[in-house]
Amino acid sequence: MKSVVLGKNAVVPTKIICIGRNYVGHIHELGNEMPDDMVVFLKPNSAISTVLLAEHQGETLHYETELCFMFQDGHFSSVAIGLDLTKRDLQNQLKAKGLPWERAKAFDGAALFSPFVAIDDAEAPLHFTLSINDNLVQEGHIDLMIYKPQTILSELQAFISLDEGDIVMTGTPKGVGSIPANSVFNVTLSRGAQASAEPLLKWQWLSV
């Protein structure tokens with residue numbers, strides 16, 4: 001089983017629960033309809049990787065940068081920045097046929113995570129960015145979410161059991177795109193207004 005990093009510890013999530021279409025800007029950029037209910041899909045533990053792939057089985061991958069919360073002791077205890085990798089062309093084909101997305105979302109290497117950092121409040125004003133080769137391409141904030149973290153947790157627990165260490169990816173803001181090979185992906189996470197933000201983490205991947 002794959003693990004993620006929390007402090008000095010390795011944590012093994014049984015599953016990754018993903019929230020789709022949770023930012024209006026991202027819904028519009030992909031030409032999707034506004035959902036009536038929260039969109040939920042799963043990635044298995046086997047999707048976790050530390051290697052950022054630009055393609056998989058000959059298909060170009062797209063990045064989606066997301067706030068990710070770890071479930072422990074009945075609540076969201078820590079946060080990281082994650083990349084939800086997507087086979088966009090395949091996903092569009094599956095959506096057009098009304099089929100599930102797993103072939104486009106749950107493949108090996110489809111989920112990457114920075115180290116997790118402990119938090120006291122999942123509703124704190126968390127702000128995150130993604131830069132590719134020093135060019136800012138995505139920026140998100142909890143205030144931009146349609147479903148906030150506590151609402152997400154409550155809705156999930158109404159129909160699925162969360163195990164200790166499970167991860168919830170909360171959706172991506174606008175600015176998604178294809179992953180260029182041999183590029184530097186830098187993510188940042190901070191708490192508070194930008195002018196007085198408290199840095200929580202910085203992390204980097206090199207795409208291959």
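The model is predicted: local features need pLDDT of at least 70 and side-chain atom pairs count only at pLDDT 80 or more, while totals for chains, interfaces and linings use all residues. Residues are numbered from 1 along each chain as its sequence is written, and side-chain values use heavy atoms, with hydrogens and water left out.

Four strands make up an open sheet, in the order β13-β12-β16-β17, with antiparallel pairing. Strands are DSSP runs of E with at least two residues, helices are runs of H or I with at least four, and both are numbered from the N terminus. Two strands pair if DSSP finds at least two bridges between them. Eight bridges join β16 (residues 184-191) to β17 in the antiparallel sense; Phe185 has Trp205 in β17 as its bridge partner.

Helix α2 spans residues 88-96, and its buried residues are Arg88, Leu90, Gln91 and Leu94. Buried means under 20% relative accessible area, exposed over 50%, and partly exposed in between (1.4 Å probe, protein chains only). Seen down the axis of α2, the buried residues fall within an arc of 160°, so they line one face of the helix. The arc is taken over the directions from the helix axis to the C-beta atoms. Asp89 and Ala96 are exposed, on the face turned away from the buried side of α2.

Met34 sits in the loop between α1 (24-29) and β4 (39-44). Met34 counts as partly exposed because its relative accessibility is 43%.
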